[in-house]
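Biologist: Thanks for sitting down with me over this one. Could you take me through the model, beginning with the parts to read with care?

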Amino acid sequence: EMIRGLEQETNTENPSWLTGGPVLEGLIKAYAAVGCREDVLRLEKALFESSERPSFRIRVFLLSFHSLYGNLERVEALYNTLKKDGFFKPNSTLYTSLVVSYCRFRDISAAEEVLQAMRSVGIPLNPYACNSLVAAYKKEGFSKERRWKLIALWNEFWSSGVQPTFVMIDTFSDCFRAFGCLKYLQQVEERKNSAVLPGSELSQGSGDDLGGLHLYLLDCECPSDADQYDL
């Protein structure tokens, strides 16, 4: 209600402020932070209909927001606008959002392509992208190909030195158990003590790890417009 009050006050004093630019982008982030999805969608529509081109930063932010809510159509649309407008900066937030979205819609091949793009530009694998893909493998069921992909993902993650979340450890554990990978299941169990869970107070231990993912995607530092470069 406080945010809506500020929006109404701003609109009354200077209506031109809400036709694009930093004020509108700031309101979008404020509404997103408190989970007011309808207000985010309303202001997003106004932003893209305004005369000012939305910044690179807000597009990555919105892409992450729609990823959290499973809106793959909007995620892909925003990703395409980044490419269409001729500027793009590979970053962990953007790629993680794409991986999470594709995995939710069980488009594993697309998620794997994004993961490969992360590797090609030197972006380290993070717990949320990794957990989403492992959970997708589990939902699709056992196959020899997925078994080897799962093992390769496990080895890659641990060689990267990035700490896992509790949810990711549990997902790997469930998947190795279901696929009969007892050797790797033992390795997962031995590493439980090193697991961390950012935002654990928000997460109920769901397979999606939404509490930690929310903090990772929406509260992390998005790239600035100065980081743009041509595809």
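Biologist: Happy to start there: for residues 198-212, where pLDDT stays under 50, how many contacts beyond four places in sequence does the model have?

Modeller: This is a predicted model, and pLDDT is the predictor's confidence in each residue. Over residues 198-212 that confidence stays under 50. The model still gives the stretch contacts beyond four places in sequence, and their number is 30.

Biologist: And how many such contacts does the model have for residues 12-16?

Modeller: Residues 12-16 also have a pLDDT that stays under 50.

Biologist: Good to know. Which element has the highest mean pLDDT?

Modeller: For the protein as a whole, the average pLDDT is 75, with 73% of the residues scoring at least 70. Among the elements, the lowest mean, 47, belongs to helix α12 at residues 210-218. At the other end, with a mean of 91, is the helix at residues 108-120, α7.

Biologist: Stepping back to the overall fold, how many helices and how many strands does the protein have?

Modeller: Of the contacts with a separation of 6 or more, 65% are between residues 24 or more positions apart. Buried residues are 46% of the 231 in the protein. The secondary structure count is twelve helices and zero strands.

Biologist: Then which exposed residues does the face of α3 turned away from its buried side carry?

Modeller: The buried side of α3 is made of D39, V40, L43, E44 and L47. Turned away from that side is a face with the exposed residues E38, K45 and E49.

Biologist: Now for some arginines. Is R59 buried or exposed?

Modeller: R59 is in helix α4, residues 56-68, and its side chain makes a polar contact of 3.4 Å with that of T81. The cut-off for buried is under 20% relative accessible area. R59 has 2%, so it is buried.

Biologist: What backbone oxygen does the side chain of R146 reach?

Modeller: R146 belongs to helix α9, residues 144-160, and counts as partly exposed at 21% relative accessibility. Beyond its neighbours within four places in sequence, R146 is in contact with Y137, E140, G141 and F179. At 2.7 Å, the side chain of R146 reaches the backbone oxygen of G141.

Biologist: One last point, about R106: what is its phi?

Modeller: R106 is in the loop between α6 (92-104) and α7, and at 48% relative accessibility it counts as partly exposed. Most residues other than glycine have a negative phi. R106 is not a glycine, yet its phi is positive, at about 60 degrees.

Definitions and conventions
Residues are numbered from 1 along each chain as its sequence is written. This is a predicted model: local features need pLDDT of at least 70, side-chain atom pairs count only at pLDDT 80 or more; totals for chains, interfaces and linings use all residues. Side-chain values use heavy atoms; hydrogens and water are left out. Helices (H or I, at least four residues) and strands (E, at least two) are DSSP runs, numbered from the N terminus. Buried means under 20% relative accessible area, exposed over 50%, partly exposed in between (1.4 Å probe, protein chains only). Contact means heavy atoms within 4.5 Å. pLDDT is the predictor's confidence in each residue, from 0 to 100. A polar contact is a pair of N or O atoms within 3.5 Å; within protein, one must be able to donate a hydrogen and the other to accept it, and residues adjacent in sequence count only if both atoms are side-chain atoms.
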